[in-house]
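I opened the model to look up a few things and noted them in the order I checked them.

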Amino acid sequence: MTKGEKIQIALLLSLALLGFGITLVPLGIRFSGMLFMGVSFLWGMGLFLGRWARRSRRGRICRRVFLTGLAAGTALLIGIECAVLFYGEKDNSALPVDAVIVLGAGVNGERPSLVLQSRIDAAMDYLNRHPGIPAVLSGGQGPGEDITEAEAMLRGLELHPKRPAGLPLVLLKEEASTNTAENFAFSKALLEAYGLDTGTAVIAVVSSDFHCFRARMIARRLGLETVSVPAELPWWLTGNYYLREAFAVVKTALFD
């Protein structure tokens, strides 16, 4: 083993340990830790295949396949990340729509998480511009949540410090969904029961900036015409969630 390989092994082990440590810290960046461990694994695979390639023709073939797959996967993820970034920055909050869907996120007991609070704030800003539009607050109740995400959003909007006195709010709670596909399916049914023709309506979807691209993918599968109203994340969470979202888009495209 060369000195350079020993240094690389020390670095990749350090990266793996750092990643493992991050997954144990409750800061909302667990995916970053998993990503660090994944990168260290691929780095180790590259070192192993490099050594094998120096001794065997079969090793050279395997290394070539590995590097080709790694390059293709990286290019795909970069392309997806560009789309995620584009839709995350595409603010349509000035456009008139027929209804609003606010997608839920985690609740800590009865308190909105940072991600959910950012969506409540963005929804309040939008409803201030477009008063009287029906807004579906979509999100059920998960582990560690004492109330539904929809209820947390309802409380957050009704008592929001930016809500002008007398501002009419038409808020519809959807409390059964457990994922984004159900958010849209159940919200669509609720809006139709309210009297909206979802086949022709334009709907504003309030969600985190990183989530807007995937949310639009799912909404279109259900025949909904949507525009994105991105809610900006706190800066220290941005990298983690944007990186995770590229993998989530692949999962949605293949399995959801």
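I started with the contacts of Ile29, taking contact as heavy atoms within 4.5 Å. Leaving aside neighbours within four places in sequence, I found Ile29 in contact with Ile22, Trp236, Leu237 and Asn240. Ile29 sits in the loop between helix 1 (3-24) and helix 2 (30-55). I took helices (H or I, at least four residues) and strands (E, at least two) as DSSP runs, numbered from the N terminus. The scale is buried under 20% relative accessible area, exposed over 50% and partly exposed in between, with a 1.4 Å probe and protein chains only. I also checked Ile29 against Val249: they are 220 residues apart in sequence, and their C-alpha atoms are 18 Å apart in space.

A note on the basis of these entries. The model is predicted, so local features need pLDDT of at least 70 and side-chain atom pairs count only at pLDDT 80 or more, while totals for chains, interfaces and linings use all residues. Residues are numbered from 1 along each chain as its sequence is written, and side-chain values use heavy atoms, with hydrogens and water left out.

Next I looked at the chain as a whole. I count 8 helices and 7 strands. The C-alpha trace spans about 75 × 35 × 30 Å along its principal axes. Of the 256 residues, 44% are buried. Among contacts between residues at least 6 apart in sequence, 72% join residues at least 24 apart.

Then the helix pair. How do the axes of helix 4 and helix 5 cross? The axes of helix 4 (residues 114-129) and helix 5 (residues 149-158) come within 10 Å and cross at roughly 50 degrees. Axes are lines fitted to C-alpha atoms over the stretch in contact, and angles run from 0 to 180 degrees between N-to-C directions. From helix 4, Leu116, Ile120, Ala123, Met124 and Leu127 meet Glu149, Ala152, Met153, Gly156 and Leu157 of helix 5.

Last, the cysteines. I searched for disulfides, meaning pairs of cysteine sulfur atoms within 2.5 Å, and the count is 0. The sulfur of Cys212 has its closest cysteine sulfur in Cys82, at 16 Å, too far for a bond. Cys212 is buried, at 3% relative accessibility, whereas Cys62 is partly exposed at 31%.
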